[in-house]
Amino acid sequence: MTLQDTLGFASIPMLGLGVGCCAASGFVALAAPAREMQPDDEVAESLRSVDFDDFDAWTARLALLILLDEALADEKVIAALAGEQVSRQDVRAQLVADDALLTRIRIEQDRSVSAGKHPSSVTSPLASLRGGQYFWLAATAIFGVGYVSLMRAAWPLLSLPMHVFAIVGFCAVAALSARMLARRVPDVLGIPRRPHQTEPHPDLLRIGDRGGHLLAEVVVPAVLDYARVHRSRRHGTALVLNGVSGLREAESAETLMTAGAERLRRIIERTDSGAVALAGSRGVGKTTAIEAMRHGRLTTAGEPPLVVMASAPANYEARDFVLHLHALLCRTVIDKTNEALLPFWPFSKRSIWAVLRQGVARLLRFLLFAGFALGAAVLLWGAPLSRFPVEIAALLTTAVADLPVSAGVLWESQPTAHIIALVLIALVAWRLALAFVLAPFDLLTRSGIRRRHRDLFELRSAAVRQLAQTRFLQTYTTGWSGKLSLPLKGEAGRTWSTQRAEQQLTHPEVVETLRSFAAETSQTLRKTGLIERMVIAIDELDKIGEPEKAHQFINDIKGVFGVPGCLFFVSVSDDAVLNFEQRGLGIRDAFDSAFSEMVRLDHFTLDESRRWVASRVEGITEQFCYLCHCLSGGLPRDLRRYAVEMVDVAATVHQPSLATVTETLVRRDLSSKIHALTALTTTLDTTSDHVALTARLLAIPDTGDPLELARVAVDLVEESAEGSVNETDALRWNAACFTLFCATLLEVFGNNLDQDQLSMEFHHLALARRQMAAHPQLAWQRIVDFRKARDLDPGVQVEA
C-alpha cells in the first residue's frame, strides 16, 4: 500500500472526527450555561456602583468580597462549616461588614501600592497566560494544523462528495478551535470580558501579589474563627469523640486569639523595635505565645517574624548570657540564609550530601532510561548485539556524508522497526548531549545567583565568623624564616615569629557586638524580603525566684534593647506587672525603665475555654467543656491537662457518661491534693491537734457521697479559729475549700445536667479554683454562693 492510499483511508475517520467535534461543540454550548457558576450578585452590584467619594474603602470591600468567595469555595472551609453547622451565607454577611477585616485589607493595599507590587495595567497577552492556557493554545494549534495538512495531502485522491465532507469537517474544526480559544485564552484573541463577568481587574483590587497571603492568613482564619465562635453548640452527657488534634505539648495547633494575643499581634505589626514585657502567671501561655510568634500565627500581614528564643537562667553571668543570645542569633541567621540559598548553592555537609544524592539519582534514572531505550532498539533492529553498533555507525556515516538526502535515506530505505530504533537512539543521545550542554550554563547561573545574593552570602559569613568567636578563644601566629648557605658546607639561618592570643571581650564589647550584628541582620533580611520584622524573646525570666535577681538581670542585659529593626519580648512575673503599673507614682525600677510596653496574658474566660477545647476535641459537648473550665480555673496549661485526661478516660471506657468522667477526674485531683496537704502536716510539730487533722485529711478520699464530702468541709472550717492565721488553720481552710469544690462538681456535673442548667454562673467555680491557693476564704464564699443559687444542700452555708 502506498502513502497516498494510506492518506486516502485515514482522511475518512479524520473528517468524521471533525464533524463529530462540531456536533459535540454544539451540545457543549447548550449545556455550558447550566454548568457555569452563576455570577455573584453582590460583586456585580459593587462593580456597577462605584463609590468615588471613598474609593479606597470601596476597593477594600470589593477585594474582601472576592477573597471571601474564594475562601468559601475551599473544600476544607466547606467541611469545617458543615461540621460546625454554620451557614455560608451568615459567614459571608457578617464578615463583609467586619471593620477589622476591612482594615487589614486596606493595610495590605497601602503596602502593595507603596511597594509597587501591583501588576501593571499594560502587559503582553502571552505574558499573562498560565500553564493550562499554554496547553490549550498548543493543543488547538496542533489540532488545526494537523487537520489542514492531512486534508491537503488527501485532497487529490478524494471524490466530489468527499470534498464537500472535508470542507464541512474543516469548518467544524475551525469553529471548535475558535470556541476553545475564546473560552480558554480570550486575552490572546483580544476578546472583551462578558458584561456579567464578576471578576474585576487585578489593578482595581490593589492587592497585587498579596492576594494569596490575604486569603490564607487573614480571610480563611477569620472564616474558621467565626465558625468556631458561632458553631451550633452540642449538648449531651455522653463523651463521644470524633477526632482529637492539638492537645499534646509537641503538637502544633491554631492559637486562640484572646485579648492578650490580639494585643501582641497589634504590637508585632505596628512596632519593629523596642522592648515589651510579657506578663502573666505560670501556665497562662507565655511560652506558647512566643512559639506562636515563631510560626507566624500572631501575624496577619507579611512573612512570619524571625524569632530568636532564649531561656533566662536561674544562675547567670550577664556576659555569658549575652554571648549565648548572640550565638543563638548567629545560628538562626545561618539557618535562615541556608534555607534561602540552598536551592542555589550547597553549604553544609548535609546539603552537599543531598546534592550528591540528587546527582546519583539523576545518573541512575538516565542509565535506566538508556538501558530500556537501547535494549528496545537492539530488539527492533534484529541484528546481533555485536553487529548492532557497527551497523548503526555505518548508517550514520552514510547519512552524514550526504546531508541533503540523509532524511530521505533514513525514511525510505529503512523498515519501520529500524526507524523506531533510530528514534530511541536519538532520544538517548539527545538527553546525554543536553546534560553536557547545560552543565556550564548551570555553573554560570550559580555564579550569577551568588552575585545577586551577595548580601545574604556576606551576612552568612559574618554569622559563621561571629559564632566561632563566641565559642572559641582564637590564637593567631605569623612569622618568617630564612637560611643562608656558606662555603665548606656551612649554613646559617634565623627565624622570626609572632604569636597573638585574642583577648576576651568585655561585657560592654559583647553587648555592642550583639547590637551591631542584630541591626545588620534585620536590615539585610528585610532588604532581601526574607522577613519583615525580627523578634528576640527571652523566656522564663519569671522563674527567677528572687525579685532582686530578676531586676539585676534586666539591668545587666537591657543594654541590648533598642536595636533598630529588632523587637524584644521578655516574660516577667506578676510582681513586675505591679511595679510597671505603679509608674507615674514616684516609683521607678528596672522594669519601668527597660520596657516600653507591658502585655498581660490572663486566664481563659468560660467562652474561650469552650472554644479552645471544642477546636481540639471534635464532637465534644458543652457539658464537658464546662467541666474542664471549672477544673482548670481557666489556666491554659491545666485546661490542656484535664482535656488530655478526659480523652484518656474515653480511651478506656466506651462513650463514658458525664458522671463517670467527673468522678474520675475529681477523685484523682482530690486524692492528689489531700496527699500534698498531708505531707505538709508532717512538717509541723507533732501535737494532738495536728494528728487529728492528719487523720481527718486521710479519711477524705474514702468519702464517697458528695453530700458527705460537703459536710466534712464544713466541719474543717468550723474547727478553725476565727481570724486565726496560723499554719494549722491555713491547712484546714485549704483542705476544706478544695473538698467543698470537689463535692460541688460531683453534685452538679451529673447525667441530669441539661442545656438549660448551663450558664455563666459556672465561671464562679473557675474563679474559686483559681483563688484557692492565695485566698481560700474568698474562694469558699464563691462556692457557697454558687451552691445557694443551685439549692445544693442548704445546710452547707457557712460564711467565710
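**A working chat on the model**

A: Val148 is partly exposed, with a relative accessibility of 37%; that class lies between buried, under 20% relative accessible area, and exposed, over 50% (1.4 Å probe, protein chains only). This is a predicted model, in which local features need pLDDT of at least 70 and side-chain atom pairs count only at pLDDT 80 or more, while totals for chains, interfaces and linings use all residues. Residues are numbered from 1 along each chain as its sequence is written, and side-chain values use heavy atoms, with hydrogens and water left out.

Q: Which helix does Val148 lie in?
A: Val148 belongs to helix H7 (residues 131-154). Helices (H or I, at least four residues) and strands (E, at least two) are DSSP runs, numbered from the N terminus. The C-alpha atom of Val148 is 7.5 Å from that of Phe170, and 22 residues separate the two along the chain.

Q: How many helices and strands are there in the chain?
A: The chain has 32 helices and 9 strands. Of its 800 residues, 41% are buried. Among contacts (heavy atoms within 4.5 Å) with a separation of 6 or more, 76% are between residues 24 or more positions apart.

Q: Where is confidence lowest, and where is it highest?
A: Helix H1 (residues 3-35) has the lowest confidence, with a mean of 44, and helix H25 (residues 622-632) the highest, at 92. The score is pLDDT, the predictor's confidence in each residue, from 0 to 100. The chain average is 75, and 72% of the residues score at least 70.

Q: What does the model have for residues 19-39?
A: Over residues 19-39 pLDDT stays under 50, and the model has 18 contacts beyond four places in sequence for them. Residues 192-197 also stay under 50, with 3 such contacts.

Q: Turning to the strands, why is S6 described as largely enclosed?
A: Strand S6 (residues 534-539) is largely enclosed by the rest of the structure because 6 of its 6 residues are buried. Met534, Ile536 and Ile538 lie on one side, with Val535, Ala537 and Asp539 on the other, and both faces are covered.

Q: Which strands pair with S6?
A: Strand S3 (residues 306-311) runs parallel to S6 and is joined to it by 6 bridges; pairing requires that DSSP find at least two bridges between two strands. In that pair, Met309 stands opposite Ala537. Strand S7 (residues 566-572) also pairs with S6 in the parallel sense, over 5 bridges, and there Phe568 faces Ile536.

Q: What about helix H29, and what covers its buried residues?
A: Helix H29 (residues 706-719) has 14 residues and reaches 20 Å between its first and last C-alpha atoms, close to the 20 Å expected at 1.5 Å a residue. The expected span is 1.5 Å times one less than the number of residues. Its buried residues include Leu709, Val712, Ala713 and Leu716. The cover over the buried residues of H29 includes helices H27 (658-681), H28 (688-699), H30 (727-748) and H32 (776-790).

Q: How many disulfides does a search of the whole structure find?
A: The search finds 0 disulfides, the criterion being a pair of cysteine sulfur atoms within 2.5 Å. Cys737 is in none, and the nearest cysteine sulfur, that of Cys742, is 9.8 Å away.

Q: Is Cys737 buried or exposed?
A: Cys737 is buried, at a relative accessible area of 0%. Cys330 is likewise buried, at 0% relative accessibility.
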